[in-house]
Amino acid sequence: MLASPIWNVRAPMIMSTFAERFDFRGRTVFPITTYAMSGLGTTERDYAKSCPGATIGEGLAVQGEKVRDADGAVRSWLGRVGLLRD
Ligand SMILES: Cc1cc2nc3c(=O)[nH]c(=O)nc-3n(C[C@H](O)[C@H](O)[C@H](O)COP(=O)(O)O)c2cc1C
């Protein structure tokens, strides 16, 4: 999972720089953002560029001001992407 706020409708450059330093080939990257209005923006495409050879899984976007009430959304997303443990 690569998680950050969204900046200028994309993953912050520092996240792209960070992701480029690692080899995600053959792995699945799940993008997570908090946001004010833009949702995931271009985050999925940004990580597809920064992580060549990785699969970009379904992303999760949570509005910053709703983070404290996001349990349900996070759990159902974890279930959908197969990461929920019993
Ligand atoms: C430099 C900067 C750029 C931002 N650009 C966006 C943006 O394009 N779209 C958006 O929805 N939120 C944008 N935001 C808001 C942040 O994503 C938001 O503050 C963060 O997700 C945390 O939410 P909160 O401030 O409600 O806690 C930006 C924030 C900063 C500091």
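Biologist: Is T33 buried or exposed, and what is its relative accessible area?

Modeller: This is a predicted model, in which local features need pLDDT of at least 70 and side-chain atom pairs count only at pLDDT 80 or more, while totals for chains, interfaces and linings use all residues. Residues are numbered from 1 along each chain as its sequence is written, and side-chain values use heavy atoms, with hydrogens and water left out. Buried means under 20% relative accessible area, exposed over 50%, and partly exposed in between, for a 1.4 Å probe and protein chains only. T33 therefore counts as buried, with a relative accessible area of 1%.

Biologist: Which backbone oxygen does the side chain of T33 reach?

Modeller: T33 lies in strand 3, residues 31-35, where a strand is a DSSP run of E with at least two residues, a helix is a run of H or I with at least four, and both are numbered from the N terminus. Contact means heavy atoms within 4.5 Å, and, leaving aside neighbours within four places in sequence, the contacts of T33 include S4, L40 and G39. At 3.4 Å, the side chain of T33 reaches the backbone oxygen of G39.

Biologist: How are the rings of F18 and F22 arranged?

Modeller: The structure holds three aromatic pairs, and rings of Phe, Tyr and Trp (its six-membered ring) pair if their centres lie within 6.5 Å, with planes under 30 degrees apart counted as stacked, over 60 as edge-to-face and the rest as tilted. The ring centres of F18 and F22 are 5.0 Å apart and the planes stand at 55°, so this pair is tilted.

Biologist: What is the arrangement of the rings of F30 and W77?

Modeller: F30 is buried at 12% relative accessibility, and W77 is buried at 1%. The ring centres of F30 and W77 are 6.1 Å apart with the planes at 90°, so the pair is edge-to-face.

Biologist: Which helix holds W77 in this pair?

Modeller: The pair links distant parts of the chain, 47 residues apart. F30 is in the loop between strand 2 (28-29) and strand 3, while W77 is in helix 3.

Notes:
A polar contact is a pair of N or O atoms within 3.5 Å; within protein, one must be able to donate a hydrogen and the other to accept it, and residues adjacent in sequence count only if both atoms are side-chain atoms.
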